[in-house]
Amino acid sequence: AGPGGDRQRQGDLWCPRSPRSPRTSLRLCQRSPLIASLSPLVGLFSAPQPSYCSITNMTTYFNYPPPELQEELRRIANAIVAPGKGILAADESVATMGKRLQDIGVENTDENRRLYRQLLFSTDPKVGENISGVILFHETLYQKADDGTPFVELLKKRGIIPGIKVDKGVVPLFGSEDECTTQGLDDLAQRCAQYKKDGCD
């Protein structure tokens, strides 16, 4: 017990004991009279301390995914970080692809962008030994190789996990100096669910 009767110490504070109420988890803790009497001296050597402290009893609940989903996520994560492998970012937007193609004198069309991605995805099948996953752009997810094979299936045949860029680009951030903010949060859940159905992991 601390000074002044039956009290429970909390750090450098003395808190009166009281029955725990089932409806509240907050108690106010008063300073020890001894500490209060020394506070003018303590203030010379340290920052001021609050007169009261709150003690909150919190319980955290976790809503774990179903076991089969946990196993799927574990499988994907382990495959992506496999030793000796990396991720290929092929998620350039239409505008960014235009800059890439302009450098080599090629027009920025749907077909030319498809041919560029096909060149990447249809290279030697051994590419899967070094690339664990590919980040796709929205239009690329629905494009196909010359023989009609969807790019997603082409990647999976090489042991590569197809992913996708889920934001909708950036726009200038109001009130900032040349900063941008990402768009696409409003319907993110719906788009992710659709991308999953369409073959992305």
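**Exercise 1.** Determine whether Arg191 is buried or exposed, and identify what its side chain reaches.

*Solution.* Step 1: Arg191 has a relative accessible area of 13%, and buried means under 20% relative accessible area, exposed over 50%, partly exposed in between (1.4 Å probe, protein chains only); Arg191 is therefore buried. The model is predicted: local features need pLDDT of at least 70, side-chain atom pairs count only at pLDDT 80 or more, and totals for chains, interfaces and linings use all residues. Residues are numbered from 1 along each chain as its sequence is written, and side-chain values use heavy atoms, with hydrogens and water left out.

Step 2: The side chain of Arg191 reaches the backbone oxygen of Val166 at 2.5 Å.

Step 3: Leaving aside residues up to four places away in sequence, Arg191 touches Val166, Lys168 and Gly184 (contact means heavy atoms within 4.5 Å).

**Exercise 2.** Explain why the buried residues of helix H3 lie on the same side of H3.

*Solution.* Step 1: In H3 (residues 94-103), the residues Met97, Gly98 and Leu101 are buried. Helices (H or I, at least four residues) are DSSP runs, numbered from the N terminus.

Step 2: These residues cover an arc of only 110 degrees around the axis, so they are on the same side of H3. The arc is that of the directions from the helix axis to the C-beta atoms.

Step 3: The face turned away from the buried side carries the exposed residues Ala95, Lys99, Gln102 and Asp103.

Step 4: Helix H4 (110-121) is included in what covers the buried residues of H3.

Step 5: Just after H3, Gly105 takes a positive phi of about 70 degrees.

How values were computed:
Polar contact = N/O pair within 3.5 Å; in protein donor to acceptor, adjacent residues only side chain to side chain. Helix = DSSP H or I, 4+ residues; strand = E, 2+ residues; numbered from the N terminus.
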